[in-house]
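Subject: Structure handover

Hello,

The structure we discussed is below, with notes on what was found in it. Please read the notes with the model open.

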Amino acid sequence: MLTRRSALALSFAAFVAEAQAEAQKIPVVASFSIIGDLARQVGGDRVSVTTIVGPDGDAHVYQPSPADGRHIAQARLIFVNGLSFEGWLDRLVRAAKSKGEVFALGNGIAARKEEEGQDPHAWQDVANAKVYVEAIREALIAADPEGAQTYKTNADAYLAKLDALDAEILQTIAALPKERRRVVSTHDAFGYFAARYGIDFIAPQGVSTEAEVSARDVAKIIDAVKTHKVAAVFIENVADPRLAKRIADETGARMGGVLYSDALSDAKGDGATYIDMMRHNVKQLAKALAP
Ligand SMILES: [Zn+2]
C-alpha cells in the first residue's frame, strides 16, 4: 500500500513530468478562436496553442494586452487569417520582437473582393478551412519534422470530417426552398458561405465591424428586407444584437437566433469547435428558412 508520503511524492513526480512535457511542446499562437481550434486539431499533443482573441471576441477591433505580447514573443509559429482581418497584428508582432514565423492562412485561398477591400471571412466556406488545415500541417511539419507522421495522421482524420461537414451543409441548404434563402445578419461575414452554399445574406455593416452603421444604411436594409421578403434576421455572437432586433421590429421579419460569424462560443456553448459552430449555424438557418 502507498503511504501518504509516497503517494504525494508520486503525484509530485507526475506533476513534474507533465510540466516537462508541456514545456517540450511547440509553442503556437493563433490570432483568434477558429484558427486556434484548427491548430489544435492538427497539432494534437505535440503543440501548445494560445489563442489571442478568444470565444465570442471580435478580432476586427481587438486591442492586444501585454500578455498577448508575451505569448507572441515566445511563439515558434503564429497562425493568423490575414486578408486585413487582424489590423492590430503586425504591430503586436513587431513590438514583441518575436522570432516566431507568421503564417497568414487566408493567403492560400481565392479572396472575395468587396467595396471596402478583401473579405477576410474565408473560414465560412469549409473548402477554405481545409486549405487552412493543410497550411497548418505543412508549417508544423517544417517546424517539427519528428512529428510529421502525427501531423499527417491528425490532419487526414480532420480533413475527412470537414469533407463530411461540407456535404452535410450542401445537402441541408439544398433542401430549403430557393425563394426563402435570404436572411439579414449584422455585418457582412457570410459572403463565402453564401457563395458556396446558396443563401443570400444582407448586412447593414460591411466586411469589417470597424465601420459605423449610418441611419441611411439601416433604412436601406429595412427597405431591402421588405422588398425581398427576407425570411429572418440573425444576431451574430460578435456583434451588438440591438441593430438586428431593430430591423426585425421595423420589418416584421422573424428573429432567427445567433450565428457564429467570427469566433467560436465558449466551451459550454454549442459552437465551441469549428465543426460545431458550422453545424449550429446551418441548424439555425434551416430552422428559420424551412417553409
Ligand atoms: Zn467579421
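Both faces of strand β9 are covered: A232, F234 and E236 on one side, and V233 and I235 on the other, are all buried. A residue is called buried if 20 or more other C-beta atoms lie within 10 Å of its own, exposed if 12 or fewer, and partly exposed in between, with C-beta atoms placed from the backbone. In a regular strand the side chains alternate between the two faces of the sheet. Because 5 of the 5 residues of β9 are buried, this strand is largely enclosed by the rest of the structure. Strands (E, at least two residues) and helices (H or I, at least four) are DSSP runs, numbered from the N terminus.

Two notes on the source. This is a predicted model, in which local features need pLDDT of at least 70, side-chain atom pairs count only at pLDDT 80 or more, and totals for chains, interfaces and linings use all residues. Residues are numbered from 1 along each chain as its sequence is written.

The sheet around β9

β9 (residues 232-236) belongs to an open sheet of 4 strands in the order β8-β7-β9-β10, with parallel pairing. Two strands pair if DSSP finds at least two bridges between them. The edge strands, each pairing on one side only, are β8 (200-202) and β10 (254-259). From one strand to the next the twist averages 35 degrees. β9 pairs with β10 over 4 bridges; I235 has V258 as its bridge partner in β10, and E236 has L259. With β7, the parallel pairing runs over 2 bridges, and V184 stands opposite V233 in β9.

Helix α10 lies across β7 (182-184), β9 and β10, at about 170 degrees to β10. For such angles, axes are lines fitted to C-alpha atoms, for helices over the stretch in contact, and angles run from 0 to 180 degrees between N-to-C directions.

F201 is buried, with 21 other C-beta atoms within 10 Å. Leaving aside neighbours within four places in sequence, F201 is in contact with V183, S185, F190 and A194, where contact puts the two C-beta atoms, placed from the backbone, within 7 Å. F190 is 11 residues from F201 in sequence, and the C-alpha to C-alpha separation is 6.7 Å.

β1 and β3 pair over 3 bridges; V29 has I78 as its bridge partner in β3.

Helix α2 (residues 33-43) is mostly covered, with 11 of its 11 residues buried. What covers the buried residues of α2 includes β1 (26-32), β2 (47-53), β3 (77-80), α5, α6 (148-174) and α10 (274-289). Just after α2, G44 takes a positive phi of about 55 degrees.

Core and domains

The largest nonpolar core has 80 residues, and L38, A39, F79, I136 and V184 touch the most other members. A nonpolar core here is a set of buried Ala, Val, Leu, Ile, Met, Phe, Trp, Tyr and Cys residues joined through C-beta atoms within 7 Å. Helix α5 (residues 126-143) gives the most to this core, with 8 residues. The core draws at least three residues from each of domain 1 (13-168) and domain 2 (169-289); domain bounds come from an automatic or database domain assignment. Not counting residues up to four places away in sequence, I136 touches L38, A39, V42 and F79.

The C-alpha centres of the two domains lie 26 Å apart, and 31 residues of domain 1 are in contact with 28 residues of domain 2. On the side of domain 1 that touches domain 2, the elements giving two or more residues are α2, β5 (112-114), α5 and α6. α6 provides the largest share of that side, 5 residues.

Regards
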